[in-house]
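Please keep the sequence and the coordinates in view while reading.

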Amino acid sequence: MGKKKMNKGLETAIFLVVFLAFFVGLSVPMGVQNMFGTFMQTAYHLLLETVLYICAICVMTGAISKLFVEFGVVTLLEKILRPLMKPIFNLPGVASLGAVMTFLSDNPAIITLSKDKSFARYFKKYQMVSLTNFGTAFGMGLVVVCVMVSYGFGKGALVGVFGAVCGCIISTRLMQRFTLKAFPEMDSPALTAEEIAALDRLDSQQSDIASLDAELDPDTAAVVAEEKPSGFMRVLNAILDGGMDGVAIGKAIIPGVLVISTLVMMLTFGPADKAAGYTGVAYEGVPVIPWIADKIDFLFRWLFGFTAPELIAFPITALGAVGAALGLVPGFIQAGILDNNAIAVFTAMGMCWSGYLSTHTAMLDSMGYRKLISKAIGAHTIAGLCAGVIAHFTYVLLAMIF
């Protein structure tokens, strides 16, 4: 008990030292009043100018996603993508549904699918755990692309999607390789033979019941057809329900954008007017991140084609929350340091990483594979970097051709 209290006290002391060092480090050059003024003003401007904008996009994309589900577009996409799953991702064809659903919504959609035994029956154990990496690489993809396109960077966003897909392949394959190397016994079906047999019996029973109902009551199909909502009501319900789903996603990104983006911006940008110095307005700060990035600027220029060290703040933020990373984009546009190449890299790394540090742990824990968390994070870290590099050089190649 005494040792636990001592560890807790040490943890508290370390936290206070880091907390005070952060704010004292900002307040010395900025001034205490200006620092707090900038902190609040930046959060306020992000709420009005960025959060509400992203929330609006989430609502619209949520409505579109629901329409896609309602009218069979998701099913069509799943059928088109199914033949690609095994040769590219070493996953069963049904995994394509996970890619579509996470692209239209967010990372946790893959958990819902993985817990469905009718879905899990097609997987081996090592393939099932790799769904965490597979689904995360597409998480919030539609929102990320729509945000980038809405700012006028459509070319870069499309190239970025290609980079994200490449990153997804790398992450999924690496995760499978790491898992099998450490736990060869996971090269076995995700469900037991008894569970698969039970599912087969259930499917057979449901089929028999449906056939019996049709024989006993031939008018059943006609009654069901009459009770089915009209096309207009289906569209209306899909739009409203999808919009509400979008509200939930938009609401979930608010803390990340306001807290994380504010802190990152205060470590990215300097005074708004260098001649006047710090005035406490929004988007000021002490450019610590660019200072560090500038020391290895040649690396980021070669790997990602970044023209300004400040741009490295986006992928750093995307590690924890891609919604928060999107909150940095207006500041980069205002600073005049953004171009289509950077957007390609942002889209690729934003989609691929998609806040995996904050979701991988919970996702694998809920699936019962906590022991594989470090391997999943390692594979996804490598894949995200590769996605950014691939997006950059793809954009450069296309620019030379066209």
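**From a loop residue to the helices and cysteines**

Isoleucine 337 counts as buried because its relative accessibility is 16%, under the 20% cut-off. The model under discussion is predicted. Isoleucine 337 belongs to the loop that runs between helix H17 (329-335) and helix H18 (340-353). Leaving aside residues up to four places away in sequence, isoleucine 337 is in contact with Thr307, Ala308, Glu310, Leu311 and Phe332. Tyrosine 53 stands 284 residues from isoleucine 337 along the chain, and 21 Å separates the C-alpha atoms of these two residues.

Threonine 102 is part of helix H4 (residues 95-104). With a relative accessibility of 0%, threonine 102 counts as buried. Its contacts, again without residues up to four places away in sequence, are Asn107, Ala109, Ile110, Gly135, Phe138, Gly139, Met140 and Gly141.

The next step concerns the packing of two helices. Helix H13 (residues 288-295) packs against helix H14 (residues 297-304) at an angle of about 85°, and their axes are 4 Å apart. Angles of 65 to 115 degrees count as roughly perpendicular, and H13 and H14 are therefore roughly perpendicular to each other. On the H13 side, the contact involves Ala293, Asp294 and Lys295, which meet Asp297, Phe298 and Phe300 of H14. Classified by residue type, this contact of H13 with H14 comprises three nonpolar and three charged residues, and no polar ones.

Helix H20 (residues 373-401) contains 29 residues. From its first C-alpha to its last, H20 reaches 42 Å, which is close to the 42 Å expected at 1.5 Å a residue. The buried residues of H20 include Ile373, Ala376, Ala379, His380, Ala383 and Gly384. Further along H20, Ala387, Gly388, Ala391, His392 and Thr394 are buried as well.

The cysteines remain to be considered. A disulfide is a covalent bond between the sulfur atoms of two cysteines. How many disulfides does the model contain? The count comes to zero, the criterion being a pair of cysteine sulfur atoms within 2.5 Å. Cysteine 166 is accordingly in no disulfide, and the nearest cysteine sulfur, that of cysteine 352, lies 9.7 Å away. Is cysteine 166 buried or exposed? Cysteine 166 counts as buried because its relative accessibility is 16%. Cysteine 146, by contrast, is partly exposed, with a relative accessible area of 27%.

Technical notes:
Residues are numbered from 1 along each chain as its sequence is written. This is a predicted model: local features need pLDDT of at least 70, side-chain atom pairs count only at pLDDT 80 or more; totals for chains, interfaces and linings use all residues. Side-chain values use heavy atoms; hydrogens and water are left out. The expected span of a helix is 1.5 Å times one less than its number of residues. Buried means under 20% relative accessible area, exposed over 50%, partly exposed in between (1.4 Å probe, protein chains only). Axes are lines fitted to C-alpha atoms, for helices over the stretch in contact, and angles run from 0 to 180 degrees between N-to-C directions. Angles under 35 degrees count as roughly parallel, over 145 as roughly antiparallel, 65 to 115 as roughly perpendicular and the rest as oblique. Contact means heavy atoms within 4.5 Å. Ala, Val, Leu, Ile, Met, Phe, Trp, Tyr, Cys and Pro count as nonpolar, Asp, Glu, Lys and Arg as charged, and the others, Gly among them, as polar.
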